[in-house]
Amino acid sequence: MDLYMMNCELLATCSALGYLEGDTYHKEPDCLESVKDLIRYLRHEDETRDVRQQLGAAQILQSDLLPILVQHRQDQPLFDAVIRLMVNLTQPALLCFGSVPKEPSFRHHFLQVLSYLQAYKEAFASEKAFGVLSETLYKLLQLGWEERQEEDNLLIERILLLIRNILHVPADLDQEKRIDDDASVHDQLLWAIHLSGLDDLLLFLASSSAEQQWSLHVLEIVSLMFRDQNPEQLAGVGQGRLAQERNTDVAELEALRQREMAEKKTRALQRGNRHSRFGGSYIVQGLKSIGERDLIFHKGLHNLQNYSSDLGKQPRRVPKRRQAARELSIQRRSALNVRLFLRDFCSEFLENCYNRLMGSVKDHLLREKAQQHDETYYMWALAFFMAFNRAASFRPGLVSETLSVRTFHFIEQNLTNYYEMMLTDRKEAASWARRMHLALKAYQELLATVNEMDMSPDEAVRESSRIIKNNIFYVMEYRELFLALFRKFDERWQPRSFLRDLVETTHLFLKMLERFSRNRGNLVVQNKRKKRKKKKKVLDQPVASGNVPSSPEELEAVWPSLAEQLQCCAQDPELSLDSMVPFDAASEVPVEEQRAEAMVRIQDCLLGGQAPQALTLLRSAREVWPEGDVFGSQDISPEEEIQLLRQILCAPLPRQQGPEERGAEEEEEEEEEEEEELEMVQVSEKEFNFLDYLKRFASSTVIRAYVLLLRNYQQNSAHTNHCVVKMLHRLAHDLKMEALLFQLSLFCLFNRLLSDPASGAYKELVTFAKYILGKFFALAAVNQKAFVELLFWKNTAVVREMTEGYGSLDGGSSRRPPVWSPEEEAQLQELYLAHKDVEGQDVVDAILAHLNAAPRTRKHIVHHLVRLGLADSVKDFQRKGTHIVLWTEDQELELRRLFEEFQDSDDVLGHIMKNITAKRSRARIVDKLLALGLVAERRELYKKRRKKLAPSSLPDGEKSLKDFCQEDLEEEENLPEEESEEDEEREEGSETEQAQGSSVLSTANLGQSLHQEGFSTPLLWLQNCLIRVADDRKEDGCSQAVPLVPLTEENEEAMENEQFQQLLRKLGVRPPASGQETFWRIPAKLSPTQLRRMAASLSQPEEEEKLQPGIEPEVPGEQGAEEEHHKEHRAQALRALLLARKKKAGLVSPEEEETPGEKEQLKVAPKKRQLLDSDEEQEEEESRSKAPELGAPRIQKKKRFQIEDEDEND
């Protein structure tokens, strides 16, 4: 911007400041007022920052303000005003515009302001300006707190802000064009700070406890001073070059020399001995051109190896939003004298200031006294100075303030917050990614410092390191952090430097964790598991239950007033339908299934006397659900609308019990249940296995990130390449998952590596590439499909199928559905075409009923229909809600007739649902039967228990106790519950899946299988637990959930076994229900009789024979007699058990109590008790059974069976 384009008033104000004559600046009398006017102009500038640009174009700071600052510092008011103006002028461009503008015009203004700031920075690179600032700051700091005024504190803060602003200006690399070891503008600025003594004042502010209010300003200035520096290189300044650095340089030069020699050799081969105008044309056999003919190559043969089909094509333009993030941080090597000054500053800062300053800054951050994102300076200082301390002379005491588990937690918390914000705040994703990189660097340096402490000769330092590692490796969040960062890596926002640091940090963490777990032997770590909870569906009930008229007489009394309001509203043309929405858009229930709730809301409005709202809601519902004319037809008259509303008012609509209808104690219990449902995470402990943890990294997202970094192997350092190869080697060799790396892009990279002339410098990479290629060709000789698999990234399941054979997972994993055969697909297609047009039935249910295939679920069939192209979407098969909400008089009469017809049957509700014309859900029919007064309570509709015959009347004379238990469990499953339609349909779907011949074994088969696998002792323990709980519940008369606490190692292993857990579920034992529970529990709803039956179902005939006293080993000749004797004993036991159950239910007459079988049963009782009692009781019983005088069984005081109760009553 030229000077003549300046505003006239602004130009006059600048002219009134003064003038420079030689090296002397003469100020005008109105100089102070002019400076204040400039401050006022800057306060009222527009969004393009026009005043700032005009002042920068006029070079006011270089020609006027700096000379005034240096030569007229004794004029205190003028000096303060100039400092204020300079702080405003040097404000960062990002703060002026908020962010980098995207609009071209505003971006031009942004770059213009940035260029003026770079000119200001160059003007400040003088010792005189910083000398004045240093002397002024020194005088102010000499004042005690009682002498220092508010103006003095403001001046101190403004001087620090001015220094911060000047150091913050980014370097103009295109303008400076400085090389390493050359003094850039930033280096000149740092040298001026050093010569003026300002660095000593900064050290004083950082170390003084009385100046803690300036700690964040000091930390920000220090971070800007060391912005371009490398801490490791800075620590080695003046100590000569290390042997490792020399070897690195030699390797780089050798790689460059080999590459240059290969290029020379290639050019020599391409140069022919004789020039020919005709290079020749060749036909490349086997390589097709655009048509069907072979490719014709018009160049020399020496160029054929460089041929590619992409030659001459325009490269595809990558959209700006998909371009990879650019590297913003650039490290360079400053001049030697500047590096020596910075090294000494770092040493003094670590010895005298670091711990105190970092503690003060951490306190400011935790108490929220700092500005937003000031924690980034804290994390930068932590990473830089801890790295400098580790590289210079490692002394853990100098960084003890940040060497703790709390610091790990602080960094991990911020790192997690940053990547969550990067995913949610897409507009500022790049800024969050930069903050995320700073946090990762701090985390990396913390791990590196702890790793360095392991090699310390001091035992106390090593012990501190061990304690920190024990805490870090125990918590799950620290172990899962790197997996989350790899999964969320996005190269659009995160540069390659972030990926490099992430790979190196992961390598260090895995190395430390592997060594720590190997040395500890058995490392116990924290494990968290998320548990999914079902959300309770609660209908909105805006009307208070106490004021709602319930009887028909009350409703008829309310109707006349409502009818008058409705007639007035029906004729009102201004009645808007947009005022009320008949459905809840935020609800998880689909809109199609919210019609019943809309009907309840209309009734609530009528009951509350809100006739206009009810009419509006009815019309809105008609617009949303026109099908079925549930809310009236489209051409309904106003009189018919009013009659429909009257029917809705009088209709007994089903409602869920509102919270106000419950007692105070029940409300408290529900609140506790809701609080438990919010805790979705269950915390436990487990023994750590390093290979299991390493398997978490065996995913395509992680490998893609590593391959992306490996593409730049020529630019990567040797350590970075080693970290990449080490991780890939862990996955391929340690986990035996070489097929995970069989990917074409990685093989192309291997080809480039092996053909690289400088491949000798990458021996580790070459060795690993040859290893992977060898494994691939060995697999390809067996599996020809491996070449096709190269095109895709793979997971562990695909890797297993590639190596073990396709289809090998079908039988090994119960979660994967069986593969569809061609015959099954043909049958599925035939069934779908036959039933898809049948009205009144669900297509999928019909297919499930007729499909003669492996066990399938509704989900499997729906997805396969979509895969076959028979359906467009899964949504086509969603269960629709019932179309009929209100009961008509004919339907009520039909329901009464069906109830009277089947009320004496075993399953009243089941017969009604089968024969009713208008299909409704189980809950709707139960509610209607209750409303009609046909039944008094729901229990009357439960499926009645079938009367069981005595074992002697059966054809084979034996009915096992397992059958009794099995029937009781079936009865429990058939009990109807108060559930919503959605839950009920899901329940019916699960019953359909079970009916399809599922692979779950019955209770008897499960018990027998577990006996064979060696779980006899845990089964005996489970029997004892069930019987003890049954006895306690019978004696106490009340019941509550009882946990199953395994006290032995064998029982603990059984409780973790999947088949044993399946048996527990079949018996009705409830798994841990919330994050606060650890053990399985026997539910409170199980009665003592049911518990005894379940315990009896676990018994095994083989064990009974072993536990019976006096039984001799069988001989072949006596085998038949023993079997008959055993059957007779079982029949007698079952006969007595049936009599006891009848007696308890009151179904046995006194004459039947004394039966001959009872005496025989008492003889068998000790043998049964031996199986069901505890181990001590069993041993005692065996010792008694060996006594010769045992004539009749002795009854224990502790009751085990109802049979024993009979004996005591006698």
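Leu791 sits in the loop between helix H34 (786-789) and helix H35 (796-804); helices here are DSSP runs of H or I with at least four residues, strands are runs of E with at least two, and both are numbered from the N terminus. This is a predicted model, where local features need pLDDT of at least 70, side-chain atom pairs count only at pLDDT 80 or more, and totals for chains, interfaces and linings use all residues. Residues are numbered from 1 along each chain as its sequence is written, and side-chain values use heavy atoms, with hydrogens and water left out.

Leu791 is exposed, at 52% relative accessible area. Buried means under 20%, exposed over 50%, and partly exposed in between, with a 1.4 Å probe and protein chains only. Together with Leu744, Val788 and Phe792, Leu791 makes a nonpolar surface patch of about 380 Å². Patch residues have over 30% relative accessible area and no salt bridge; nonpolar side chains (Val, Leu, Ile, Met, Phe, Trp, Tyr) are joined within 5 Å, like charges within 9 Å. Areas come from the Shrake-Rupley method with a 1.4 Å probe, and for residues only the protein chains shown count as cover.

There is also a patch of positive charge on the surface, from Lys102, Arg107, Lys320, Arg326 and Lys427. Lys and Arg count as positive, Asp and Glu as negative, and His and the chain ends are not counted. A charge is placed at NZ of Lys, CZ of Arg, CG of Asp or CD of Glu. Lys427 is in the loop between helix H19 (405-424) and helix H20 (429-454), and is exposed at 77%.

Now salt bridges. A salt bridge is a side-chain nitrogen of Lys or Arg within 4 Å of a carboxyl oxygen of Asp or Glu. The count is 28. One of them joins Lys27 to Asp75, with the closest N and O atoms 2.8 Å apart. Lys27 is in strand S2 and Asp75 in the loop between helix H4 (60-71) and helix H5 (76-89), so the pair ties together parts 48 residues apart in sequence. Lys27 is partly exposed at 34%, and Asp75 is partly exposed at 24%.

Glu45 and Arg52 form another, at 3.0 Å between the closest N and O atoms. Both residues are buried. Arg49 joins Glu45 and Arg52 in a salt-bridge network.

Back in helix H35, Arg800 and Glu804 are 4 residues apart, about one helical turn. Their salt bridge has its closest N and O atoms 3.2 Å apart. Arg800 is partly exposed at 36%, whereas Glu804 is exposed at 53%.
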